[in-house]
Amino acid sequence: MKIAVIGLGFVGLTLSSVLASKGITTVGIDSDGKKCSKIVKGIPTFFEPNLEKTLKKALKKNLIITDKLSSINNCDFIFITVGTPQKKNGEIDLSFIKTVSKSVGKLISENKKKPIILIKSTIIPGTMKDVVLPILERNSKKKAGKDFGLISNPEFLQESQAIQDTIKPHVVVLGGYRTKFMKKTEKFFSQFNPNVPIIITNHQTAEMIKYANNSFLATKISFINQLANICQEIPDTNIDYIAQAIGLDPRIGNLFLNAGPGYGGSCLPKDIKAIINLSSKIGVQPTLLNAVEKTNKQQISNIMKLIKHNIGKIKGKKITVLGVAFKPNTDDIRDSISIELIRRLMKSGAIVTIHDPKALDNARKIFHDNTKYANSILSALKNCQCAVIMTKWKEYEKINNKTIEQMNKKFIIDTRRILSNKNLNAKYYAIGLGQKI
């Protein structure tokens, strides 16, 4: 068996590495030659726990990295994992997937093999049927379901545990027609992901499952954040105990109930905007989803109000932001709430210092020399008049009175309640904790 993976971003590189590490001959393809050169040396282009180790194992076994799309020839399965970035109006940009589909179509037109093409890229319902399928058939001059397989296969990877999620996902979703290609794909996944439920449905439903999944997760986060805001106004109320209690109800579950500054990352903000955009286009008013997004945006406004209330005018004040990655154990800052907070602070005239264990290089690409970058927590806090903990990095759990000694004004906003059990000699404010009486 030989498998091709087109697009070596977060999903594609993780998938390629896991496939090859399990002994499956895998060709990882990306049009970016520089990226390929790094990957060939065993260096991932982003941080993800255990990815480097898995990649190096894969390269020693059966992983080939190339920028030549023609390498898909003679592959049994072709996974397309290129990005679908967001346009300003909330729509997803299909240009990458259209380009790849056209090129793949032309290549399989000359190929006697009948490959199965799986789309892992996140695309709105109807895209496979109305966009991808016609492009492939037109350029290959072949028929899907007869000459090649075409299957929707949405991914559900969580950053910081992508390797484990690839090995043992909570579900495998396959969308398409029930042909011999679907049977072959079902057999492959039953062996690659043993004892994992496989749901076989049509293209549109498979596409919608991904958006339903992420929209629900965003809804849970906005729900618990709304409760956290209520708790802040009720003395001695603790959102963490509330989340723990309701999370024990099997109808609710305990995941995604960690109150904080709002959801971010490469999936939830993009996907909820896309489904809102789609809903509006087809005449369905997305009232709940609009409220979820509005609640998320309010979190950052609440933090800004809190800063202004406690230190007065922001202009000229030294403010430290601890954590720019949208979650711990990743260097991903895409749609990170921290990035938006920094932008607002800078617009208000603050002198901002940033610290993050993994994401500083990515932050530099956005802010350049307009902010200060600290390699240690101590240097980040020195002479600052306000510190805001945004990401739940384990490193921040070590903050104590000695760490904050050199702060100019000891005022800390802890959006993750990391330091709530410490007796700090500082004015301490945590999201979701009502002030003590």
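Mentor: Start with the contacts. Among those in the chain between residues at least 6 apart in sequence, 72% join residues at least 24 apart. Contact means heavy atoms within 4.5 Å.

Trainee: What kind of model is this?
Mentor: This is a predicted model, where local features need pLDDT of at least 70, side-chain atom pairs count only at pLDDT 80 or more, and totals for chains, interfaces and linings use all residues. Residues are numbered from 1 along each chain as its sequence is written, and side-chain values use heavy atoms, with hydrogens and water left out.

Trainee: How many helices and strands in the chain?
Mentor: The chain has 14 helices and 14 strands. Helices (H or I, at least four residues) and strands (E, at least two) are DSSP runs, numbered from the N terminus.

Trainee: And why call the chain as compact as a globular protein of that length?
Mentor: Its radius of gyration is 24 Å, close to the 22 Å that the globule rule gives for 437 residues, so the chain is as compact as a globular protein of that length. The radius is taken over C-alpha atoms, and the rule is 2.2 Å times the number of residues to the power 0.38. The C-alpha atoms fill a box of roughly 75 × 45 × 40 Å, taken along the principal axes.

Trainee: What share of the residues count as buried?
Mentor: Of the 437 residues, 54% count as buried. Buried means under 20% relative accessible area, exposed over 50%, partly exposed in between (1.4 Å probe, protein chains only).

Trainee: Which residues in the largest nonpolar core touch the most other members?
Mentor: Ile307, Ile319, Leu341, Leu345 and Val388, out of 59 residues in that core. Helix α11 (residues 287-311) gives the most to this core, with six residues. A nonpolar core here is a set of buried Ala, Val, Leu, Ile, Met, Phe, Trp, Tyr and Cys residues joined through side-chain atoms within 4.5 Å.

Trainee: What does Leu341 contact?
Mentor: Leaving aside neighbours within four places in sequence, Leu341 is in contact with Ile300, Ile303, Met304, Ile307, Val321, Val388 and Met390. There is also a second, separate core of 40 residues, which includes Ile29, Ile119, Leu136 and Ala218.

Trainee: Switching to helices. Which residues of α4 are buried?
Mentor: Ile97, Val100, Ser101, Val104, Gly105, Leu107 and Ile108. They cover an arc of only 165 degrees around the axis, which puts them on the same side of α4. The arc is that of the directions from the helix axis to the C-beta atoms.

Trainee: What covers that side?
Mentor: The cover over the buried residues of α4 includes β1 (2-6), β4 (77-80), β5 (116-119) and α5 (127-140).

Trainee: Now α9. Which residues are buried there?
Mentor: In α9 (residues 239-247), Ile239, Ala243 and Gly247 are buried. Seen down the axis, they fall within an arc of 65 degrees, so they line one face of the helix. The buried residues of α9 pack against α8 (203-232).

Trainee: Where's Asp332?
Mentor: Asp332 is in the loop between β9 (318-322) and α12 (337-347). At 6% relative accessibility, Asp332 counts as buried. Its side chain reaches the backbone nitrogen of Arg334 at 2.9 Å. Not counting residues up to four places away in sequence, Asp332 touches Glu159, Ser266, Ala325 and Phe326.

Trainee: And Asp335? What's its phi?
Mentor: Positive, about 55 degrees, although Asp335 is not a glycine. Most residues other than glycine have a negative phi. Asp335 lies in the loop between β9 and α12, and is partly exposed, with a relative accessible area of 44%.

Trainee: Last one. Is Thr201 buried or exposed?
Mentor: Thr201 counts as buried, at 19% relative accessibility. Its place is in strand β8 (residues 198-201).

Definitions and conventions:
Polar contact = N/O pair within 3.5 Å; in protein donor to acceptor, adjacent residues only side chain to side chain.
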